[in-house]
Amino acid sequence: MPRFQCTCSIAPPDLLAWLAVEGDPTQRLAAVRALATSAAIRSQRAVVGHLSRRLNINTGTMMGPELASGQRLSVYDNQKQGRPFLPGVLARDWGQPPVADVAVNQAYDGSNATYEFYQDVFQRDSLDGKGLELVSSVHYGVAFDNAFWDGSQMVYGDGSGRIFQVGGLTRSLDVIGHELTHGVTEFTAGLVYSKQSGALNESFSDVFGILVKQYSLKQAASESDWLIGEGTLVPSLGKALRSMINPGTANSGDRQPGSMAGYVDLPDNNDPRNDNGGVHINSGIPNRAFALAATALGGNAWETAGRIWYTVLTTQLSANAQFIDAANATVETAGKLFDSRVQDTVHNAWQQVGVLP
Amino acid sequence: MKVVIVRGGGVAGLTARTELDSGALPKSAAKTLAGELARANLDDVPEPPGTVSWPDAQLYEISVEGRERSITVHFTDESMPENVRLLMAWVDSRPERIESIE
Ligand SMILES: [Zn+2]
């Protein structure tokens, strides 16, 4: 539609937003893409994610190279305003020196380390493989005890001091790697965030979160603590969010099983106790399979088990994949990428957690 | 009247409960709570669609047990109305609240 492409670049955001909702399908897609790249509204990038969901457009297929802004990352200060003010005020742009705000620098360094991990190890150019700018917002909401990926950017609260330590949510490189990997998953397998496919989504985030940390520390599998979010919770709750090698032991509220015998079958029904069908609970099972495989293989986990899991996440799984699908795919991929010894080791790991007979 | 906030999911996957009994509040604060509840208008909080588009978004439940009627609503970080956020912030600021990890 040349008619539309000509007007896009100068169309005001309001018009683009209107077209994105009310236009014909071609106009809608073009308008969403223009919104995504408009330099004038780069700071309102979140609108793209919201529109794409409202229009039911799969962001993984919609967001082509148009989302590359030409810079690697940027960090915004939400100034405790919450959702209506996302992303917030630009606090440190790509290439700028550190600022006085520790959380801003942690988000900057953690995003950069995650970018470098995916680029160096898997030759993946950002989350979408096409240079998507990594946008982070810190100081989200008031005493907010969470960090999440909103479909287009990273969001970190400050922590209340009752569950998360104040400043704890940006402190841990594996938590940053975890959140950004939700973006990788969104652009690849698109695992549905419910029950087993949701637990796999969670597990891949923990797997690559810990690998970002191990790679950054140049740490072999045998040297890893396999803890996600160590030192982020208040000490009275426990040492970490999750233990991949020993699920269920990280904190006093940790309900993670380490094998199918302890699988917690919960409904996905909006009840906060049920965690979208146990996505942060049953992820302990595939988490442990990965940690077992990586430690049995030895050496650097990102060169062996990590490569297998990466290939499976990005090329082998469908959105509704179950544990058994991930197990079969990793075993098969281990044989293709490596040899029968590696394949047997991966098979054995899934056996130990009860997913493979 | 008792207000119970349950927060679950999130990157931590922990379930945290916050309870505030208006009987434990000074009279003026109990009046403020009633005002916060009226402004939050829980009757108009729609149940989330059930499909999550923000991984690690927290899930919330607020229950209000009154003498005449009770109400329970669910929402997420994505769907949370601003006035409900303000209600929770007010409850979180009260020293009379009781917190626990479930
Ligand atoms: Zn997650």
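Visitor: What relative accessibility does R39(B) have?
Guide: Buried means under 20% relative accessible area, exposed means over 50%, and partly exposed lies in between, with a 1.4 Å probe and protein chains only. R39(B) counts as partly exposed, because its relative accessibility is 40%.

Visitor: What kind of model is this?
Guide: Residues are numbered from 1 along each chain as its sequence is written, chains are lettered from A and ligands numbered from 1 in the order in which they are written, and side-chain values use heavy atoms, leaving out hydrogens and water. Local features need pLDDT of at least 70, side-chain atom pairs count only at pLDDT 80 or more, and totals for chains, interfaces and linings use all residues, this being a predicted model.

Visitor: Which residue forms a salt bridge with R39(B)?
Guide: Side chains of opposite charge can pair when their charged atoms come close. A salt bridge is a side-chain nitrogen of Lys or Arg within 4 Å of a carboxyl oxygen of Asp or Glu. For R39(B), the closest N and O atoms are 3.0 Å apart, and the partner is E36(B).

Visitor: Why are R39(B) and E36(B) separated by about one helical turn?
Guide: Helices (H or I, at least four residues) and strands (E, at least two) are DSSP runs, numbered from the N terminus. E36(B) counts as buried, at 12% relative accessibility. R39(B) and E36(B) are about one helical turn from each other because they lie in helix α1 of chain B and are three residues apart.

Visitor: How many residues apart in sequence are the parts that the salt bridge of D43(B) and R69(B) ties together?
Guide: In this salt bridge the closest N and O atoms are 2.8 Å apart. D43(B) is in the loop between α1 and β3 of chain B, and R69(B) is in the loop between β3 and β4 (70-76) of chain B, so the parts tied together are separated in sequence by 26 residues.

Visitor: Which residues do salt bridges that share partners join into one network?
Guide: The network takes in residues of chain A and of chain B. Its members are D271(A), R273(A), K2(B), R17(B), E19(B), E61(B) and E102(B).

Visitor: How many salt bridges does a search of the whole structure find?
Guide: The search runs over all chains. The number found is 21.

Visitor: In which strand does K2(B), the salt-bridge partner of E19(B), lie?
Guide: The side chains of E19(B) and K2(B) meet at 3.7 Å, N to O. The pair links distant parts of the chain, 17 residues apart: E19(B) is in strand β2 (residues 16-21) of chain B, and K2(B) is in strand β1 (residues 2-9) of chain B. E19(B) is buried, with a relative accessible area of 18%, and K2(B) counts as partly exposed at 22%. The strand that holds K2(B) is β1 of chain B.

Visitor: What is the order of the strands in the open sheet of chain B?
Guide: Two strands pair if DSSP finds at least two bridges between them. β1(B) and β2(B) pair in the antiparallel sense over six bridges, and V6(B) stands opposite R17(B) in β2(B). The open sheet has five strands with antiparallel pairing, in the order β4-β3-β1-β2-β5.

Visitor: Which strands stand at the edges of the open sheet of chain A?
Guide: This sheet has five strands in the order β2-β1-β3-β5-β4, with mixed pairing. Each edge strand has a single partner strand, so one side of each is left without a neighbour in the sheet, and these strands are β2 and β4 of chain A.

Visitor: What angle does the direction of helix α6 of chain A make with that of β3(A)?
Guide: Axes are lines fitted to C-alpha atoms, for helices over the stretch in contact, and angles run from 0 to 180 degrees between N-to-C directions; contact means heavy atoms within 4.5 Å. β4(A) and strand β5 (residues 154-157) of chain A pair in the antiparallel sense over three bridges. Helix α6 (residues 102-122) packs on the sheet and touches β1, β2, β3 and β5 of chain A, and its angle with β3(A) is about 150 degrees.

Visitor: Which loop of chain A holds A143(A)?
Guide: A143(A) has a positive phi of about 50 degrees although it is not a glycine. A143(A) counts as partly exposed, at 35% relative accessibility. Its place is the loop between β3 (134-140) and β4 (147-149) of chain A.
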